[in-house]
Amino acid sequence: MGRSRRTIPEELLLLALDPATGTTAQPQSLDLGLAGAQLVELALAGRIAPDGDRIAVVHPRPTGDPTLDTALELLRRRGSPVRAVHWIGGPRLGLRQTYLTHLERCGMVHAVAGQMCGVLPTTRYQATDTTISREIRARLDSAIRTGVPPDPRTAALAALAHAVGLGKHLYPGNEGRSSRSRLRDLIRHDPMGGLVAHAVMDVQNGVAAQPRRAPAAAGPQGNGGSGRRAAAVRAPAEAATAHHGAVMARAGAS
């Protein structure tokens with residue numbers, strides 16, 4: 001896979017990193033987002049594919065990225081496809097720190113030691129080159145501003161940024177409301193990113209224990225909003241399933 005391209009987990013973490021404070025926005029949901037971003041990156045690398053609302057390993061060959069390969073091996077050991085919400089909602093202790101340490105090794109951030117209340121040791125992380133973060137942000141801004149369908153990586157990054165709540169960090173206040181809305185709408189441009197982003201939101205909302213059910217049709221009492229949300233959920237999953245069929249067909253032919 002090489003290191004010529006930043007991975008989606010790396011980019012999500014860089015987006016969340018506040019250049020002024022050296023802390024990460026939305027730290028609790030960010031761990032879920034990073035776990036989801038690993039799934040998207042592995043799918044883009046052709047190692048996994050969606051199977052309905054589950055994730056199946058189609059090629060167990062390592063990518064060369066240690067953090068991704070750890071996730072790939074854990075998925076392989078499951079032996080059968082796993083629901084995205086169960087994978088993302090599993091124990092993720094230290095995942096954010098793992099990626100911060102990884103970014104430090106790669107020279108993208110540097111650690112700054114400090115103290116809280118003059119006693120407790122703390123570590124902040126400052127971007128070594130803010131050009132990288134600005135380039136990532138510019139891709140999202142362009143997709144939001146132009147309305148042109150973004151590439152799959154940018155679409156997946158936007159979906160995950162929305163899912164973990166980075167919209168209010170990237171586009172704050174009333175003036176950022178329309179940008180936050182358009183960031184949310186970008187979720188429809190990548191089936192795998194949409195599937196994973198919805199799984200991240202389901203885990204946060206505590207509905208990971210139950211499989212998705214087809215919603216009832218909207219009635220005269222004004223349930224159109226829930227019907228539209230259900231359609232938005234079904235579309236990524238259905239498209240992802242079709243993509244999985246193509247991937248599996250190619251795998252069988254190879």
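Guide: Start at one pair: Ile55 has Val82 in β3 as its bridge partner. Bear in mind that this is a predicted model.

Visitor: How many bridges join β2 to β3, and in which sense do they run?

Guide: β2, residues 54-57, is joined to β3 by two bridges, and the strands run antiparallel.

Visitor: And how many bridges for β1 and β2?

Guide: Four bridges, with β1 and β2 paired in the antiparallel sense. Ile48 has Val57 in β2 as its bridge partner, and Asp51 stands opposite Arg54 in β2.

Visitor: What sits between β1 and β2?

Guide: Two residues, and the two strands form a hairpin. Gly52 is in the turn and has a positive phi of about 70 degrees.

Visitor: What's the strand order in the sheet?

Guide: The order is β1-β2-β3, in an open sheet of three strands with antiparallel pairing. β1 (48-51) and β3 (82-83) are at the edges with a single partner strand each, so one side of each has no neighbour in the sheet.

Visitor: Switching to helices. At what angle do α7 and α10 pack?

Guide: About 10 degrees, with the axes 8 Å apart. Helix α7 covers residues 152-163 and helix α10 covers residues 191-204. Angles under 35 degrees count as roughly parallel, and α7 and α10 are therefore roughly parallel to each other.

Visitor: Which residues meet there?

Guide: From α7, Ala156, Ala159, Leu160, His162 and Ala163; from α10, Gly193, Val196, Ala197, Val200, Met201 and Gln204. By class, the contact of α7 with α10 has eight nonpolar residues, three polar and no charged ones.

Visitor: What about α6 and α7, are they roughly parallel or roughly perpendicular?

Guide: Helix α6 (residues 130-146) packs on α7 at an angle of about 90 degrees, with the axes 10 Å apart. The two helices are therefore roughly perpendicular to each other.

Visitor: Which residues make that contact?

Guide: Ile136, Arg139 and Leu140 of α6, with Arg153, Thr154, Leu157 and Ala158 of α7. In the contact of α6 with α7, four residues are nonpolar, one is polar and two are charged.

Visitor: Now aromatics. How many aromatic pairs in the whole structure?

Guide: Zero, from a search of the whole structure.

Visitor: And what lies over the face of Tyr171?

Guide: Arg137 does, at 4.7 Å from the ring centre.

Key
Residues numbered from 1 in each chain as written. Predicted model: local features only at pLDDT ≥ 70, side-chain atom pairs only at ≥ 80, totals over all residues. Heavy atoms only, no water. Axes fitted to C-alpha atoms, helices over the stretch in contact; angles between N-to-C directions. Parallel < 35°, antiparallel > 145°, perpendicular 65-115°, else oblique. Contact = heavy atoms within 4.5 Å. Nonpolar A, V, L, I, M, F, W, Y, C, P; charged D, E, K, R; others polar. Pairing = 2+ DSSP bridges. Phe/Tyr/Trp six-rings, centres within 6.5 Å; stacked < 30°, edge-to-face > 60°. Lys NZ or Arg CZ within 6 Å of the ring centre and 35° of its normal.
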